[in-house]
Amino acid sequence: MSNPAPRSQPGHLRPQGLSRRTLGQGAIVAALAAGGLSACGGGSGGEASSGSGKGSITVWAHQGQDSENAALEAAVKAFNASQKDVTVKLTLQPGDTYTTTVQNTSVDSLPDVLEMDGPTVASYVYDQRISALEGHVSADTLSNQTASAKGEGTVDGKVYAAAMYDSALGLYGNKKLLDAAGVKYPTALDEAWTAQEFDAALKTLAAANGGKALDIQEQNGLSGEWGTYAFAPLVWSAGGRLIEDDKATGVLDGPEAVGAVTAWASWKQFVDSNADAKAFTGGRVALGWGGHWNYPDYSKALGQDLVAMPLPNMGKGTKTGAGSWTWGISAGSGNAAAAGKFLDFLLNDENVKAMTDANGAPAATTSAGKAQTLYQSGGALALFGEQLAQSCGDDPKEGCVATARPVTAGYPVVTSSFGKALAAIYGGSDVQTELTTAAKTIDQAYADNNNYQ
């Protein structure tokens, strides 16, 4: 039970000990319990010193899969060999405790460059632990970030993080089982099943295939980050929010969110608990709720029978999750100019390609993304690529699809409270009661921290 955290998965989506699956409590909630991200500080991020642009700099990253670690180590080696002004010293920190390690390290002791889980960026800005990238990282590098990556790394109009890759989420289908049951499935975003159509499909598929139809990766824990990343899109699709204008009461427990979560809970009867992680690959169910990291195993198991579909449309258009690990410069760096040179190199096409080849994730740079045939027209995950191209940032309005988790310094309490509510509701508790309790918990945390202003 000591597998490293895959760098390819969206931040904090991996339960301890599970490789290439999402998600458990994750380090966001662990850090919250240990004293909380955003426990102090305020306003904008800190300001790193530019320095000479020469000399040695330190870099921290979380330890991922062997292939990912090798890609990162190769990039560092290539950078050091490409010039003589800057030398990078890379340290891979244990993935399970990475965020807690960063949070518990004083700003002055942080490395010059650090990897961050996307949802923690706003917290680090609030705590003045990271510096804005403008002026240190080239404008060309920052402009090459995809819209989804820009949404994740931008706080109050300033860019604090830049990513090598993104994440993608949707429904996977077993074409053989779908066809055998006579279920017509969506192949385009505007064809996404409505909640009623999805319910009908589940009933038909369950009747044709032993009583179960869906894998939601329940084994990864609904109370952790998987719950928020995977199922908040249903709330957004219904026109709801997790939080709005620093308030959750009347939002998270509003009619849109309650309706979406009620529908989600009603699907439990059709869900395979997937204790062996083979419900979809073993053909026990026809539908799998999952991310890009599932594709290699799913494709190997199903071959040409594997199809990618959008998540259900709860009334305001299909929505999906986005965002993953990203990179920034610590506010305590005395050589941000050198740090920026390294990030410019790390985020070039060659290194982004090497990393996304290693982990299968969609690229977070537009130039590298164009070469990823898997996510382009005609590719097996072209629909996932289309979703990411229609980015909402963290504002899931109508007319966009891929949505980042709320960019707020209070995100740890938002995800913790929502996840706990999902787990309780899935266990049979009342939807309105649990979402209201979650909303009150969130609002109290914001009140205690002056709305993290």
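For the residue classes used here, Ala, Val, Leu, Ile, Met, Phe, Trp, Tyr, Cys and Pro count as nonpolar, Asp, Glu, Lys and Arg as charged, and the others, Gly among them, as polar. The model is a predicted one, with local features needing pLDDT of at least 70 and side-chain atom pairs counting only at pLDDT 80 or more, while totals for chains, interfaces and linings use all residues. Residues are numbered from 1 along each chain as its sequence is written, and side-chain values use heavy atoms, with hydrogens and water left out.

Grid points are joined across faces, edges and corners, and a volume is the space filled by probe spheres set on the points.

The structure holds one cavity of 30 Å³ or more, and the largest cavity comes out at about 90 Å³. Its lining includes Gly118, Pro119, Val121 and Ala122, along with Glu152, Arg405 and Val407. Sorted by class, that lining has seven nonpolar, three polar and two charged residues.

The largest pocket has a volume of about 560 Å³. A set of 28 residues lines the pocket, and Asp246, Asp394, Val407, Thr408 and Ala409 lie nearest its centre. Two or more lining residues come from each of α4 (121–126), β5 (154–155) and β14 (402–404); α4 gives the largest share, three residues. Helices (H or I, at least four residues) and strands (E, at least two) are DSSP runs, numbered from the N terminus. The pocket lining splits into 14 nonpolar, six polar and eight charged residues.

α8 (residues 195–208) has 14 residues and spans 20 Å from first C-alpha to last, close to the 20 Å expected at 1.5 Å a residue; the expected span is 1.5 Å times one less than the number of residues. Ala195, Phe198, Asp199, Ala201, Leu202, Leu205 and Ala206 of α8 are buried. They cover an arc of only 160° around the axis, so they sit on the same side of α8, the arc being that of the directions from the helix axis to the C-beta atoms. Gln196, Ala207 and Ala208 are exposed on the other side of α8. Here buried means under 20% relative accessible area, exposed over 50%, and partly exposed in between (1.4 Å probe, protein chains only). Aspartate 199 counts as buried because its relative accessibility is 19%.

α9 (residues 225–237) is another matter: 13 of its 13 residues are buried, so the rest of the structure largely encloses this helix. α9 bends by about 35° at phenylalanine 231, with proline 233 following within four residues. A bend is the angle between axes fitted to the seven residues ending at a residue and the seven starting there. After α9 comes glycine 239, with a positive phi near 95°.

Positive phi also turns up away from glycine. Aspartate 156, not a glycine, has a phi of about 50° and sits in the loop between β5 and β6 (158–159). With 73% relative accessibility, aspartate 156 counts as exposed. Asparagine 451 has a positive phi of about 55° and lies in the segment after α17 (431–448); at 26% relative accessibility, asparagine 451 counts as partly exposed.

Note on methods. On a 1 Å grid over the protein atoms alone, a cavity is a set of points where a 1.4 Å probe fits but cannot get out, and a pocket is an open set with protein on both sides within 12 Å along at least five of seven lines; lining residues have an atom within 4 Å of a point.
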